Every structure is written in C-alpha cells, then in structure tokens.
Amino acid sequence: MPRSGAPLAGYRVLEFTHVWAGPLCGQILADLGAEVIRLESRRRLDIHRMGGPYPENRPGINRSGVWNSQNRGKLSCTLNLATAEGRDLARRLVGLCDGVIENFSPGTLERLGLGFDVLRAVRSDLVMVSLSAYGQSGPHRSFVGYGPMMDAACGIMAAADYGDGVPRAVNGWAADVGGALFGAVELLVGLLTRSPGGARWSDVSEYEAAVLFQFEALLAWAACGEEARPSGNLAPCGGLTECFACAGHDRWVAVSATTPAHLRTLAALTGATPPTSPGSAGLPPAELYGGLIDAVGRWTGTRERSEVIRSLQSLGVPCAPVNDVADLLEDPMLMARKAFMATEHPEIGTARSYGPVWDFLGRSIGSPRPAPCLGGDNQYVFGELLGLDGATIADLEHRQVIY
Amino acid sequence: MSRDARLSPSRLRAVEIASGSIGASFCGKVLRQLGMQVVKVEQLGRPDPLRDLPPRVPGGDATGLPFRFLNSGKRLVAVDLEHPAGRELTLRLLGRSDVLVQGGTSSADMPFDRAELQRVEPRLVSVGISPLGAPALHGAEVADDFTAFHRSGLGYLTPRAMPGHPTAGLPPLKPHTRLLEMISGLQAVIGVLASLVDRQRTGIGDGIDVAEIQCALPLIRREIAAYLFAGTVATRGERLWKVAPAGIQRCCDGYVFVDIIEDEQWRRLCTLMERGDLLADPRFADRDSRFQHNEELGPILDAWFHPRSRHEVTELGQRLSVPIAPVNSPRDLFEDPQLLARGFFGELVIGAGLRLRAPGIPVSAPSPSAPVEDGSMMPGRDTVSVLCELAEIAEAEVRALGDRRLVGIA
C-alpha cells in the first residue's frame, strides 16, 4: 500500500527572512511537510511582496507572482519587532518551534534580543540556521551582497566567457540557492541529531556555497597555477559541447559529443571531416573542432529543432532543446514528473508554480498549500499556538504590535 | 517519539554508486562531511569515468583532482555488480547501511531498483540522481549534464545581457561550473536527511528520485511567474528585474559588478564618485528612469571606476554600503581576506608530502572535520576492510572472491 504523509510532518520552523535565500530555505522544509511560519511585518514588507509580476497586472501585497511562488506552502504571521512586546512574542513563538531560519544582516537578530544565545534559553534543543551573504564573521561580514554581485565574487562570471575575456552575467542564482540548500541541510542535520540542551547554530555563507561550485577551477589553480581560459560552451576536458541555432527565431539545440564515436557520428551526419586526436585514442583538443562546429551549425540552421533532436537522438548523440520558459512548462519529462503544481490562492485564484523537486517513490507527500496572505495565519499563531484571547489580539493589533 | 541510538551521523553508513555522476558523488561527499561513513562502490573493471577529469597533480598518480576532491574520505570498493554474486554481496552491504546514493545517465549506472530495495531493505533510504529523472533512464533518450543544463531553462537565460554587452546572436551559455549538478546533489542530501528524520519515528526509509532538470526550477521562479502571470517569455536580452546601474564596470586591473537596487544606494554611489550633481538629474531620479537611461550611465561610472583597482573600488564602495563586488578568478579567491579569515579553504591531502588547498564547506558548523589523507585512490583500495568490517565477511572469503574476479582488491 502506498505510504502517505510528508517526512517532516509535525515539525515546526519559524522564518525571520526576506528576499530569496531565506524564503527558499524555508520553502524546501515546507515542501517536505514541516509547518513553516513566516514572520513578517507591515513596517517593512518583503521587497518581493511588491515586485510582481501580478495577475491581470493588478498590484497587491498578496498578489506578487514571485513572492507567491517562493513562499507557497507556508503560514504568515505579522509581528512588529521594533516593539518590546513584539520581540517578546517572537521569543515565545520560538519556544514552540523546532527550528529557526534567518537571513537578516549579521548582527540584526542579536540587536533585537533574538540572537542564538537568547533563543537557546527559550528552547534548549533549538536548531537555528543563519544565512548571510558573506557569513557571520570575517572582515566582509557587513558587506552588501546581492545574487548577481555574488556571481562575480564567487568566480562563476569569470567562468562564463565566450573566449573574449568579458565576464558574463549569470542571473544571480548560485549564492542564494547554494546558501538556501546548505541551510536546509544544516537544519535537517540538527533535527536528526538533536538532544535536550543541545541547541545548535549554523552560520551559512552564501558566498562560500557559490565558491564551492567552482571546485574544478580552484583545484586547477591550486595544482598547476593555471587559470582556465573558458571558451563558451566547450568543456575544458574535451569533446564538442555546444548550442546550435535551428530554424526559427532564437531556437537552439544543445549537443554533447564527448566520445570519439559521437564526434565521428556528427561528422558523418553533417558532411564534415571528424577532428582526430594527434597520436592518441582520446579526444582531440578544443582548437580542432572549428570545422565540425561550422558544419553542424549549417546542418541545424535550416532544420526544425524537433527534427534535429530526433536525428541526433536516433544516432545516440546526447542532445536537448534549449528550453525557454514556455517550452519548459510543456516539457514531457517535467510533465511526467508533475514538476508544476497549482494552488487555490484566496486573492489570485489558481496559482501555478514549480512544485517540490523530489519524487518520493511510492509515497504521496501531499501538495503544499498556497502562499499565505500577509498575516493570514495570525489567529492560528497568536490564538491557537500562543493562547492569546481575542481581546488581547485585537489590542495588540490596535497598538501595532501584531502588525 | 522514540530516539534511535544510531542516529549520530558518525554511526550512519552510506553506500554510493555514482559512476560518472558529479551530482551523486557530491551528495556522497556532503554526507561524508556531515560525518557519515561513505563506501563508494565501483564496477569491477570499469572504474568511475570521473577519475579521468583533469587536472591531475603534476608528477602525481593518474587520478584526476576532481575525483579526489569529490571522493576524499570515502572508502573505495570494487565489485562486479553485473554478476549475481556481486550484487548479492552489495545487497549484504546495503542491509548493514542506512543510505544508498546512486547516480548516472543510464539504468546501467544505477543497478539497484529503489522500489525493489524498499521491499527487501525497508529501513534503507535510497536516492537516485540523473539528468532527466528515473523514468527516462529506461527510455531511449540520451542526456548528460550539459544537455540537462540547457534543457532546464537555465541555458536559455544565460548569459543575461548587461549594458554595453548585448547577447544578440550569441548562443546560450553553460558557464564552466558544476552549479546544476551540485544543486541536484544537495537536493538529494536534503531528501535523504528528511527521510532519516522521519525514519526515527517510523522505522521506514524512502526511495527518492531527483532529476537535474527539475532542480533548476526554483532558480527560475521569477521567469516562471512572469510567464504564468504576465505571459512574458524571458530571454537573455531582456532583464525582468529592471534596476540600474547593474552590470560590470572595468577597473584598471579587471572588472567589478555594481548592483544598485535602491534609490538610497544610488545616492551613496553618487557620494562615492563625488558626483552629487547627478542627484538632481531627472534621468537618474529613480529606479525606472535610471533603467531607461542605462546606456548614459555607462560613461559616467566608467570615468570614476576605470582608473581605480577592483580592490579600491570594492572597499571604498562597501564602506558606504554601495553594492559592489569584484569579478574574481580562482587565484583571487585563494587570496580573498574574507575566505581566509573564515578558514574556508581546507586541504586535499594526497600523501607523500603532497597537499593542495581546496574549498571546504560553506558552514561554520559546530564540528569541522580534520582533513583525511587519501593517498592512493585505486579502485578497490578498501574492498577487504569494508567487506570484513561492514559486511562481516571473513577475510579469507573476501580474498577468495577476489580470486574469482567478483571483487577487486587493490
């Protein structure tokens, strides 16, 4: 009989987060079934609550497509941490949580009286994860760090180069996502190993996570004192890995011919002379691929992408469409995996987004709830969890403590 | 909730079968760094092709450094997984383990069926990583990390155009990084750990499947939302987040990246450049107008940035909380004061006095681990000790299996 229920059901995590890395970390835990409560405030709304894109182009703090996709699965409560009562309620709430995730600037929670040393006194087995751009210590701990800048700092931009020496912008993914994933790992290890009195705090540096992704280039420098000279898509270890334009506007196919047999196949198909490795059975060096690249480009340029892919796949050469986002939503592999999901959101109706990334075989882990409206779970959090009565909650709202 | 006495990570064991898979090898590496014992099983006579990835240590053995890095601290076993007796042996090892990590591009790379394993070893947590996911492993479609990156949506959006550096006509680009492979490996670690947490209550482990192309989706949530809610198909040429100035600036010794998002940061940048006059310029009054006049900002910033060094620009800028970072190369990273102060770099201890600096983990965690000396990375280096200690087979029997070419003993 198939199992049901999510692996982290029954665990509760509180988020003091903003922008992306922290919210993504919380979302991963929510996708795995934890009850994740996002603590927000009207005093300073998350930048993504106001950034759109908005359905029907109608702005609203509960309507942003980006915010709703990276926060689906969570609850939201509002608390004004500029007030002593607000901070006190936050501490009490931590006492009811297994984990805390935060990604404010280093030192912010300490200044609010919500640092690890205070919170561990409230909850002796607390698992706390702090995410920050550069880490909680070191000379650059207070440096401002946004995703695109971190791509520059961590070395990925230097590795994204068409061979003209100009570093290219790579979308700001590495540091935020790397940090969020390592944050989730730390939180889970904390849950796995925790014991009374064994509260644990992990300081995750998003920058270091992104640097780690460059391990090959770093090892090359450490071993040989050589810096790789990237040349577009061509892999430094040889083979023809390249994107080729097909018929139509901005339609590309990615081809990966990384064995001598694949190279011969491509050459035979496109009427080129296969590059050969001088004096060895291995792959020829990158500078010998020019003729084959031109021939493949001529061959794909007049053909529909689907036809190119059919031909190459039938010959066993790895290739794939370079999907744009519209293609992606119809990609048969992603559809087979049910990679996209829909929720019913109270303000925007049916909201589609990506779903949990794991397939738990033979187990239904449930479908995450829609992203919360601002403070949408105040009654649950302050009433049911903290046990405040209706009059007290109304008073705290009136005085902008619950705010 | 009952507590399982074995649940300190150092008492957890993982078996890894990851031929050719950076993602699965990295998953095993992270589990090792968390303190688990990790046994890497390679097919006898067909060692992991990642062993051939360059670079190698000049004057060192034939094993490439990426393989050493990904597999440091793991125990290396060689078994004939294609022979029933070899499979049986590996199953015996799995019966005494907590986690199985498999990865590759075909079903041959991932010899154990997870649904089948759940029947025979219900406590085992088993994860598989592949470019397109498990169902595709049995189809005819061929894929690898390169095609997965481009299929995932990441390639179509890379690189993003910057002012002065248009992308028209240039092909989608996969940077020379293992971003998607390692993100997939981390998602596999996360699935494994969640299942282990749950196993504390239920005693049952999960079979988990991870597809690289799916792991890219959270990265492009902005583009997915723009398409679903506004019908916009993002391209390399058009920025969805309209902020300026945002892009590279040339300095006298390379580039920095400037990323002005808030008006207050623009005011501070003007202070930094001693260009208070720009604050009154209506072309640059707010985020939208600055974005519209992006090209005109280029020469203005250039005049201040170009004569200065990356270090000077970054330090002066960050002192005023202006978002600036240098475009770093590997050499710069090894000298970066922040990484050095935090002790990020560890060592890859190769043996015979050979040590290399290598990236560590991005967490200042309660229990950093000391570097281990790997020495030889020969396939089957630890076959005898692993099968004796973990699979509880007598040494003479293991040696006999070696004679029968069912296991490899280095």
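Mentor: Before we look at the sheets, please note that two strands pair if DSSP finds at least two bridges between them. Strands (E, at least two residues) and helices (H or I, at least four) are DSSP runs, numbered from the N terminus.

Trainee: And what kind of model is this?
Mentor: This is a predicted model, in which local features need pLDDT of at least 70 and side-chain atom pairs count only at pLDDT 80 or more, while totals for chains, interfaces and linings use all residues. Residues are numbered from 1 along each chain as its sequence is written, chains are lettered from A and ligands numbered from 1 in the order in which they are written, and side-chain values use heavy atoms, with hydrogens and water left out.

Trainee: OK. What is the strand order in the open sheet of seven strands?
Mentor: The order is β4(A)-β3(A)-β2(A)-β5(A)-β6(A)-β7(A)-β12(B), and the pairing is mixed. The edges are β4 (75-78) of chain A and β12 (363-364) of chain B; each has a single partner strand, so one side of each is left without a neighbour in the sheet.

Trainee: In which sense do β7 of chain A and β12(B) pair?
Mentor: Strand β7 (residues 200-205) of chain A and β12(B) are antiparallel, with two bridges. Within this pairing, A:D203 has B:S364 as its bridge partner.

Trainee: Which strands does helix α1 of chain A lie across?
Mentor: Helix α1 (residues 21-31) of chain A lies across β2 (12-16), β3 (35-40), β5 (99-102) and β6 (127-132) of chain A, at about 170° to β2(A). Helix α15 (residues 378-385) of chain A also packs on the sheet, where it touches β2, β3 and β4 of chain A and makes about 75° with the direction of β4(A). Contact here means heavy atoms within 4.5 Å. The angles run from 0 to 180 degrees between N-to-C directions, and the axes are lines fitted to C-alpha atoms, for helices over the stretch in contact.

Trainee: How many bridges join β13(A) to β6 of chain B?
Mentor: Three bridges join β13(A) to strand β6 (residues 207-211) of chain B, and the two run antiparallel. A:F360 stands opposite B:I208 there.

Trainee: What about β4(B): is it enclosed or open?
Mentor: Five of the five residues of β4(B) (residues 99-103) are buried, so the strand is largely enclosed by the rest of the structure. Buried means under 20% relative accessible area, exposed means over 50%, and partly exposed lies in between (1.4 Å probe, protein chains only).

Trainee: Which residues point which way from β4(B)?
Mentor: B:V99, B:V101 and B:G103 point one way, and B:L100 and B:Q102 point the other way. In a regular strand the side chains alternate between the two faces of the sheet.

Trainee: And which strands does β4(B) bridge to?
Mentor: Strand β1 (residues 13-17) of chain B pairs with β4(B) in the parallel sense over four bridges, and B:I17 has B:Q102 as its bridge partner. Five bridges join β4(B) to β5 (residues 125-130) of chain B, also in a parallel arrangement. From β4(B) the chain crosses through helix α4 (residues 114-120) of chain B to β5(B) in a right-handed β-α-β crossover. Right-handed means that, with the strands pointing away from the viewer, the path from the first strand over the helix to the second runs clockwise.

Trainee: New topic. How many salt bridges are there over all chains?
Mentor: The count is 57 salt bridges, each being a side-chain nitrogen of Lys or Arg within 4 Å of a carboxyl oxygen of Asp or Glu. One of them joins A:D250 and B:R236 at 2.9 Å, N to O. This pair crosses between chains, from the loop between β8 (240-245) and β9 (252-257) of chain A to the loop between α9 (221-230) and β7 (246-251) of chain B.

Trainee: Is B:R236 buried or exposed?
Mentor: B:R236 is buried, with a relative accessible area of 5%. In another salt bridge, B:R308 meets B:E312 at 3.7 Å, N to O; B:R308 is partly exposed at 23%.
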